[in-house]
Every structure is written in C-alpha cells, then in structure tokens.
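Subject: Handover of a structure, with findings

Dear colleague,

Please find the structure below. I would be grateful if you would read the notes that accompany it.

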Amino acid sequence: MCFDCLKMNRRNFLSLSATAVTATGMIASGARQSMAATSLTPDEALAKLKAGNAKYVAAPELCEANLKAQRSEVAKGQQPWATILGCVDSRTAPELLFGGTGLGDLFVARNGGNMADITTLGAIDYGIEHLGSPLLVVMGHTRCGAVAAACDVVAKKAKLHGPIKAMVDPIVPAAKAVLGKPGDFVDNAVRENAKRTVAHILASSKIVAEYVHHGKLKVVQAYYNLDTGAVEFVG
Ligand SMILES: [Zn+2]
C-alpha cells in the first residue's frame, strides 16, 4: 500500500471511529445495524475498487501494505467498504488486485467458481447487515479451473467424484447454458456463472434484496483477467 492509501485509510478510520463503536455495540447485543458503518455510498465504493485496480494494473510495485499499522487500526473493529465473492484460485486475491486495500477494507468470501451456497450467503448477509458494506462484487476470472471442470463435464462427459464433484456440480448449469455459443467455452461459462451467482444471491437473500431496494447496496458482476490484471465490471 502506498503512502497516499495509508493517509486516506487513516482519515477514514478516524472519521468512522464513532460509528464503529456504535456498530460493535449493536452486534454484541444481537441488534440489527440500521446504518452503514462506512460513509461510502455504493457508487463511491465501486469507484474506489476501480481506482485501486487501475493502480494495480499500471503500477503494482507502488502498492505495498503497511500491515503493522493496519493491524492496530482495525484490531478493535472492522468497517469493510466492499464485499467480494471470488474464486479460491491463488492468483485472484481481492486485497492484492484491488491495489491499495489491506486489512479491514474488504469483506471476502472465496470458493471454487465463486458460488453462493448457504454458508456463503450467510457471510454476505453478515457483511452487509452487520458491517455495513455498501457494495457486493461477484468476481469470476479467466481460465477458472472450477468452471473449466464443469465445462469438461458438459462437453467431454468428464466424471468427478467426492468433494470436487460437489464443488463443480453447481457450476454445470452455467456451462450447459453457453455450450456451442460463439467464443471461448470456458470464458463464456465463467461470465454466465458469475451472472447466475448474482441472480441467485438476489433471489435468495432477503437482506440483499432489501438493501438493494433501499439504495444502500449495489451488487455487481466482475471479471478478472489473469493476464492483464484488469477487472471488468458488469452492471
Ligand atoms: Zn477459479
């Protein structure tokens, strides 16, 4: 993380400290948090993610995190300003590719193929309702292994077993939906799968639907390019 990022984060931390105390108290008592813990709007959070990724693409060597300083800043509470549902792939760590983010910035859930099962929905709901995250990003990526496996099930009748089969099976409908369409099969399936995950979250989480309805949350689909480092936002 660069010095500009740190300065900005310190300002945010100071301005949000009062809110954080309130939020922590509400969570401890089990009460529902009615106000976002961060002052960022959904659009401001999205703009910040875009700026961070642009910095990561243009000058990744400038982004180094001062984790010691950040650790003490967020030890007593967190006010993440974006929730990211991404893939478990080791090359897609959100804190790195949205350059300038560190401890306490992003509320992250990751699994094979960025899927929203019931426990992931719980994490998303918590990040939004209790921590006040105003933005939810579902992010797929190029050459996703989990999606490629689902494509192999569809196109090559590949047989999977055990937990890996359980991980890949929910992605198969997205692969089936784009089979035979122009372009790269896996790439198309990655985009279709992320779109379906967004739709599933909107249909399954009352909290997400409610916060979106009241303009307190924006849900966007994103696509990370392993080669260029760029994140393409959709919607
Ligand atoms: Zn992946």
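Residues are numbered from 1 along each chain as its sequence is written.

The model as a whole

The average pLDDT (the predictor's confidence in each residue, from 0 to 100) is 86 for the chain, and 85% of the residues score at least 70. Over residues 1-36 the pLDDT is below 50, and this stretch has 39 contacts in the model beyond near neighbours in sequence; two residues are in contact if their C-beta atoms, placed from the backbone, lie within 7 Å. Where pLDDT is low, the predicted coordinates should not be read in detail.

The chain has 10 helices and five strands; these are DSSP runs numbered from the N terminus, with helices being H or I of at least four residues and strands being E of at least two. Of the contacts between residues at least 6 apart in sequence, 73% join residues at least 24 apart.

The sheet

The five strands form an open sheet in the order β2-β1-β3-β4-β5, with mixed pairing; two strands pair if DSSP finds at least two bridges between them. Strands β2 (106-111) and β5 are the edges, each pairing on one side only. From one strand to the next, the twist averages 25 degrees (axes are lines fitted to C-alpha atoms, for helices over the stretch in contact, and angles run from 0 to 180 degrees between N-to-C directions).

Strands β3 (residues 135-141) and β4 (residues 218-224) run parallel over seven bridges. Valine 137 is opposite valine 220 of β4, and valine 138 has glutamine 221 as its bridge partner. On the other pairing, β4 and β5 (residues 231-234) are antiparallel over four bridges, with alanine 222 opposite phenylalanine 233. Six residues separate the strands in the hairpin of β4 and β5, where glycine 229 takes a positive phi near 85 degrees.

Helix α9 (residues 185-204) has 20 residues and reaches 28 Å from its first C-alpha to its last, close to the 28 Å expected at 1.5 Å a residue; the expected span is 1.5 Å times one less than the number of residues. Helix α9 packs on the sheet, touching β1 (82-87), β3 and β4, and its direction makes about 160 degrees with that of β4.

The largest nonpolar core has 50 residues, and those with the most contacts inside it are Val137, Val147, Ala150 and Ala189. Such a core is a set of buried Ala, Val, Leu, Ile, Met, Phe, Trp, Tyr and Cys residues joined through C-beta atoms within 7 Å. A residue is buried if 20 or more other C-beta atoms lie within 10 Å of its own, exposed if 12 or fewer, and partly exposed in between, with C-beta atoms placed from the backbone.

Two loop residues

Proline 80, in the loop between α3 (67-74) and β1, is buried because 23 other C-beta atoms lie within 10 Å. Serine 39, in the loop between α1 (3-29) and α2 (42-58), is partly exposed, with 15 such atoms within 10 Å.

With kind regards

How values were computed:
Predicted model: local features only at pLDDT ≥ 70, side-chain atom pairs only at ≥ 80, totals over all residues.
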